[in-house]
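Q: Can we go through this one together? I'd like to start with charged pairs and then move on.

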Amino acid sequence: MKLFFDDAQLAHKPTQYMRHGKIIDAFENPARATTLIEALGAVGAVREAPADFGLDPVLEGHADHHVA
């Protein structure tokens with residue numbers, strides 16, 4: 001099984017998240033990603049960098065003001 005991951009994702013470090021109208025600590029953080037990568041590697045997943053398809057596929061699912 002392949003695990004597609006780019007280290008650039010580790011720069012995603014939100015400080016807060018809104019859930020049911022209340023601001024809470026963000027679930028997404030670099031430690032969560034590295035834990036998942038290690039766990040998947042332990043069961044045989046082979047890490048591979050994803051191909052660069054440009055921003056068009058990203059913008060199909062995300063508002064442009066969220067993409068920087």
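**Salt bridges and a helix**

A: Searching the whole structure turns up 3 salt bridges. Keep in mind that this is a predicted model.

Q: Which residue does Glu 48 pair with?
A: Glu 48 forms a salt bridge with Lys 2, and their closest N and O atoms are 3.5 Å apart. The pair links distant parts of the chain, with Glu 48 in strand S4 and Lys 2 in strand S1, 46 residues apart.

Q: Is Lys 2 buried or exposed?
A: Lys 2 counts as exposed because its relative accessibility is 52% and the cut-off for exposed is over 50%. Glu 48 is partly exposed, at 32%.

Q: And what does Arg 47 pair with?
A: Arg 47 forms a salt bridge with Asp 7, with the closest N and O atoms 2.3 Å apart. Arg 47 is in strand S4 and Asp 7 is in the loop between S1 and strand S2, so the pair ties together parts 40 residues apart in sequence.

Q: Which side chain meets Arg 32?
A: That of Glu 28, in a salt bridge of 2.4 Å from N to O.

Q: New topic: what caps the N-terminal end of H1?
A: Asn 29 does, with a side-chain oxygen 3.0 Å from the backbone nitrogen of Ala 31.

Q: What comes just after H1?
A: Gly 44, which takes a positive phi of about 100 degrees. Val 43 is also in the loop between helix H1 and strand S4.

Q: Which residues make the nonpolar surface patch?
A: Met 1, Leu 36, Leu 40 and Val 43 make a patch of about 430 Å². Val 43 is exposed, with a relative accessible area of 63%.

Key:
Residues are numbered from 1 along each chain as its sequence is written. This is a predicted model: local features need pLDDT of at least 70, side-chain atom pairs count only at pLDDT 80 or more; totals for chains, interfaces and linings use all residues. Side-chain values use heavy atoms; hydrogens and water are left out. Patches are made of residues with over 30% relative accessible area and no salt bridge: like charges are joined within 9 Å, nonpolar side chains (Val, Leu, Ile, Met, Phe, Trp, Tyr) within 5 Å. Accessible areas come from the Shrake-Rupley method with a 1.4 Å probe; for residues, only the protein chains shown count as cover. A salt bridge is a side-chain nitrogen of Lys or Arg within 4 Å of a carboxyl oxygen of Asp or Glu. Helices (H or I, at least four residues) and strands (E, at least two) are DSSP runs, numbered from the N terminus. Buried means under 20% relative accessible area, exposed over 50%, partly exposed in between (1.4 Å probe, protein chains only). A polar contact is a pair of N or O atoms within 3.5 Å; within protein, one must be able to donate a hydrogen and the other to accept it, and residues adjacent in sequence count only if both atoms are side-chain atoms.
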